[in-house]
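Hi,

Here is the structure I said I would pass on to you. Have a look at it first, and then read on for what turned up in it.

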Amino acid sequence: MAPIAIDTAPPQPAQSSVEDIAALKAKLQASQSDTILPPDNTLRRYQKAGIDLSNGYPYFPPKPDFVQDVTKIRTDLRDYVDPGTRADPEKKALFGAAKEVKNLTTWIGTEIVGLQLKDLTDQQRDELALLVAERTVVFFRDQDLSPQQQQELGLYLGDGEIERHPQAPQVPGLGGGVSLIWEKGRRDKLANGRSFRVPYGGGQFGWHTDLVHEAFPPGYTHLHQDTVPEVGGDTLWASGYAAYDKLSPTFKKIVDGLNGIYRSAHRYKDQDDPEGDAKYVTRVHPLVRTHPVTGWKSLFINQSMTVGIEGLDKPESDAILGYLFNLYERSLDIQLRWHWTPGTSAIWDNRISIHSVSYDYDGERHGTRVSSLAEKPFFVRESKSKAEALQLKGWINTPDVANRY
């Protein structure tokens, strides 16, 4: 059967009519009786962007068979230049063009009002990178943004490289790198339903940092949500800068310079033992990393995927990590909870944060994500924490407290 292309000439308006979408769905379903179509909002966005769904949706890239194959992905040294290093510290081009710049909490999160990401100049993109590096996550509502434009911005922020995930469902026809946040598109157990009784933490829905098993984990991650439930489905972020600054000076000296052991979210067969149990990909990175733009130290741990500390026995490692996980996940003053509206983009710094979704919703939640690859994580002992660098009142030269919780 001949491909059914989505007609984009003449260009479609931002809001296609109900009849247009109904006709498109009927045409796609006629060619693929077993297809699972994305929500109507997504179809409108794809229709305007010229995304062809006639060969099925979503696209799944070929999956590596063996843990050895995944371990070798993108291990060649890359000379990453973070665009934030080129930015005007005052961010005059970005802030001057915005209608409003709103800090959402004291330590994390900013919303930019009145700008379209697709229209940013390179100078504004550089300043956005700096802002994200400082504020951890930045939001833009009401974005008219195609998957292609999202991919192009990701390549800019990643200095030419984005993560092309071998496990995640993708938008077809773009060469990979625009993955989906959509339960219906998954092949794992979440696609078959979730239990609201599972506690949060390191388990099914817990706090995490993306792709820490990579040799060069993502720096800037961009999630655009085109379809969201009216109630629920919020995303939460926590600041690794502030979590590190909650440690006592002596405890900072203990964790500075230690290396963590990080594992992949998925397991793979071992080519040396194909009949044995599947294995995770593991990688060693600094437990505390220095950010290349701000120069500030941040905790680089997450309960889902940080499984040990190099050189320590498991009871020793568990004691340190357990304390750090508890502090990071339970300190409400360093966290942000964001309620999505359709057409909202969030860009966060994966190097200095953990995040989690709240699975308290019914209905569909569909978004596209682009993860920009960054530098190999590094630690500079002489680097300062955010509180030290900015001399934040109440964070430095203060006595420890007897009970934190």
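In α9, the residues S317, I320, L321, L324, F325, L327, Y328 and E329 are buried, where buried means under 20% relative accessible area, exposed means over 50%, and partly exposed is in between, with a 1.4 Å probe and protein chains only. An α-helix has 3.6 residues a turn, so residues three or four places apart point the same way. Helix α9 covers residues 314–330, which is 17 residues, and it reaches 23 Å from its first C-alpha to its last, close to the 24 Å expected at 1.5 Å a residue; the expected span is 1.5 Å times one less than the number of residues.

Some ground rules before you go further. This is a predicted model, in which local features need pLDDT of at least 70 and side-chain atom pairs count only at pLDDT 80 or more, while totals for chains, interfaces and linings use all residues. Residues are numbered from 1 along each chain as its sequence is written, and side-chain values use heavy atoms, with hydrogens and water left out.

Now the overall picture. The protein has ten helices and 15 strands; helices (H or I, at least four residues) and strands (E, at least two) are DSSP runs, numbered from the N terminus. Of its 405 residues, 55% count as buried. Among contacts between residues at least 6 apart in sequence, 80% join residues at least 24 apart, a contact being heavy atoms within 4.5 Å.

Helix α6 (residues 147–157) is worth a look too. Its buried residues are P147, Q150, Q151, L153, G154, Y156 and L157, and they pack against α2 (40–49), α5 (122–135), β5 (218–227), β13 (344–349) and β15. Just after α6, D159 takes a positive phi of about 55°.

Two other residues have a positive phi without being glycine. T136, in the loop between α5 and β3 (137–140), has phi near 80°. D142 sits in the loop between β3 and α6, with phi near 55°. Are these two buried or exposed? T136 counts as buried because its relative accessibility is 0%, whereas D142 is exposed because its relative accessible area is 59%.

While you are looking at the backbone, check the peptide bond from Y57 to P58: it is cis, with omega near -10°. P58 is in the loop between α2 and α3 (67–71).

Next, E375, which lies in the loop between β15 (366–373) and α10 (386–390). E375 counts as buried because its relative accessible area is 9%. What does its side chain make polar contacts with? One partner is the side chain of R289, at 2.9 Å, and another is the side chain of R351, at 2.9 Å. A polar contact here is a pair of N or O atoms within 3.5 Å; within protein, one must be able to donate a hydrogen and the other to accept it, and residues adjacent in sequence count only if both atoms are side-chain atoms. Leaving out residues up to four places away in sequence, E375 touches Y80, F216, P217, R289, P292 and R351.

T105 is in the loop between β1 (100–103) and β2 (110–113), and counts as partly exposed because its relative accessibility is 23%. Beyond its neighbours within four places in sequence, T105 is in contact with R135, Q335 and L336. T105 and R337 are 232 residues apart in sequence, yet 9.7 Å apart in space, C-alpha to C-alpha.

A search of the whole structure finds two cavities of 30 Å³ or more. A cavity is a set of points on a 1 Å grid over the protein atoms alone where a 1.4 Å probe fits but cannot get out, and lining residues have an atom within 4 Å of a point. Grid points are joined across faces, edges and corners, and a volume is the space filled by probe spheres set on the points.

- The largest cavity holds about 60 Å³ of space. Its lining is W107, S239, Y241, A242, D245, K386, A387, L392 and W395, and α7 (240–245) gives the largest share, three residues.
- The second largest cavity has a volume of about 40 Å³. It is lined by E163, H165, G177, S179, R369, V370 and S371, with β15 giving the most, three residues.

Cheers

Conventions:
On a 1 Å grid over the protein atoms alone, a cavity is a set of points where a 1.4 Å probe fits but cannot get out, and a pocket is an open set with protein on both sides within 12 Å along at least five of seven lines; lining residues have an atom within 4 Å of a point.
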